[in-house]
Amino acid sequence: MTNPNDLPAKSPQESAVETRHIVLPNDANHYGTAFGGAIMSWIDLIAAMSAQRHSGHEAVTVSIDRINFITPIQIGDHVNLKAMVNYVGTTSMEVGVQVNRENPYTGEMVRATTAYLSFVALDENKKPCAVPPLRLETDLEKRRFAEGKLRIEMAKEFSAKIKAGRKTI
């Protein structure tokens with residue numbers, strides 16, 4: 001496998017992807033608010049695009065590490081999704097996604113959902129492959145990288161505790 005440090009670093013901005021949707025009745029429940037599953041599908045799609053853009057390879061979802069539904073999104077609202085790679089390991093990437101609901105008449109934007117997803121880059125043989133390191137240029141990018149690293153470390157620690165607990169039962 002290629003050493004990730006041999007690959008040219010990319011900035012988080014180079015992986016940034018933005019897209020928009022409008023919430024239609026088939027995207028919503030009987031209360032008139034968007035299904036969480038519809039929002040999650042849009043999040044997974046844009047996060048995958050960001051991971052592919054950063055790695056230059058096919059990227060598959062390993063986990064949705066965290067998703068927070070902050071405020072409901074109504075039928076007719078515009079939905080703005082923004083994704084970018086926050087953290088990279090050897091073959092994996094954490095992608096952060098911010099979802100904002102926009103009133104189509106006033107332009108008012110409100111944070112609706114945030115999510116963090118982990119992806120692995122795959123080579124042409126569907127095997128994990130090295131991803132470029134991140135070139136961190138701003139304090140915000142450095143903070144997001146540090147927080148992503150912490151989330152990954154906590155997930156590994158949690159997984160180890162679960163596995164250890166299963167051995168005792």
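These are my notebook entries on a predicted model of one protein chain.

**Entry 1: ground rules**

I am working with a predicted model, in which local features need a pLDDT of at least 70 and side-chain atom pairs count only at pLDDT 80 or more, while totals for chains, interfaces and linings use all residues. Residues are numbered from 1 along each chain as its sequence is written, and side-chain values use heavy atoms, with hydrogens and water left out.

**Entry 2: confidence and overall layout**

I looked up pLDDT, the predictor's confidence in each residue on a scale from 0 to 100, and found that the chain averages 94, with 99% of the residues scoring at least 70. I counted three helices and five strands in the protein chain, where helices (H or I, at least four residues) and strands (E, at least two) are DSSP runs numbered from the N terminus. Read from the N terminus on, the elements follow the order α-β-α-β-β-β-β-α.

**Entry 3: the annotated region**

I checked the UniProt record, where an unreviewed entry lists residues 13–125 as "domain: HotDog ACOT-type"; its positions are given in the numbering used here, its feature names are shortened, and its annotations may be inferred rather than shown by experiment. Over residues 13–125 I find 20% helix and 48% strand, with the end C-alpha atoms 28 Å apart.

I took buried to mean under 20% relative accessible area, exposed over 50%, and partly exposed in between (1.4 Å probe, protein chains only). Buried residues make up 37% of the 169 residues in the chain.

**Entry 4: two pockets**

I searched for pockets on a 1 Å grid over the protein atoms alone, where a pocket is an open set of points at which a 1.4 Å probe fits, with protein on both sides within 12 Å along at least five of seven lines, and where lining residues have an atom within 4 Å of a point. For volumes, grid points are joined across faces, edges and corners, and the space filled by probe spheres set on the points is taken.

The largest pocket has a volume of about 370 Å³. Its lining holds 18 residues, of which Asn86, Gly96, Val97, Gln98 and Arg144 lie nearest its centre. β1 (17–22), β3, β4 (92–102), β5 (109–122) and α3 each give two or more residues to this lining. I sorted the lining into seven nonpolar, four polar and seven charged residues, counting Ala, Val, Leu, Ile, Met, Phe, Trp, Tyr, Cys and Pro as nonpolar, Asp, Glu, Lys and Arg as charged, and the others, Gly among them, as polar.

The second largest pocket holds about 280 Å³ of space. Of the 13 residues that line it, Tyr87, Ser92, Ser118, Ile152 and Lys156 are the closest to its centre. At least two lining residues come from each of β2 (58–69), β5 and α3, and α3 supplies the largest share, four residues. The lining of this second largest pocket divides into five nonpolar, five polar and three charged residues.

**Entry 5: single residues**

Is valine 17 buried or exposed? Valine 17, which lies in strand β1, is buried because its relative accessible area is 14%. The C-alpha atoms of valine 17 and valine 85 are 9.7 Å apart, although 68 residues separate the two along the chain.

I found lysine 82 in strand β3, and it counts as partly exposed because its relative accessible area is 37%.

Alanine 9 sits in the segment before α1 (12–15), and with a relative accessible area of 31% it is partly exposed.

Last, I looked at lysine 126 in the loop between β5 and α3; lysine 126 has a positive phi of about 65° although it is not a glycine.
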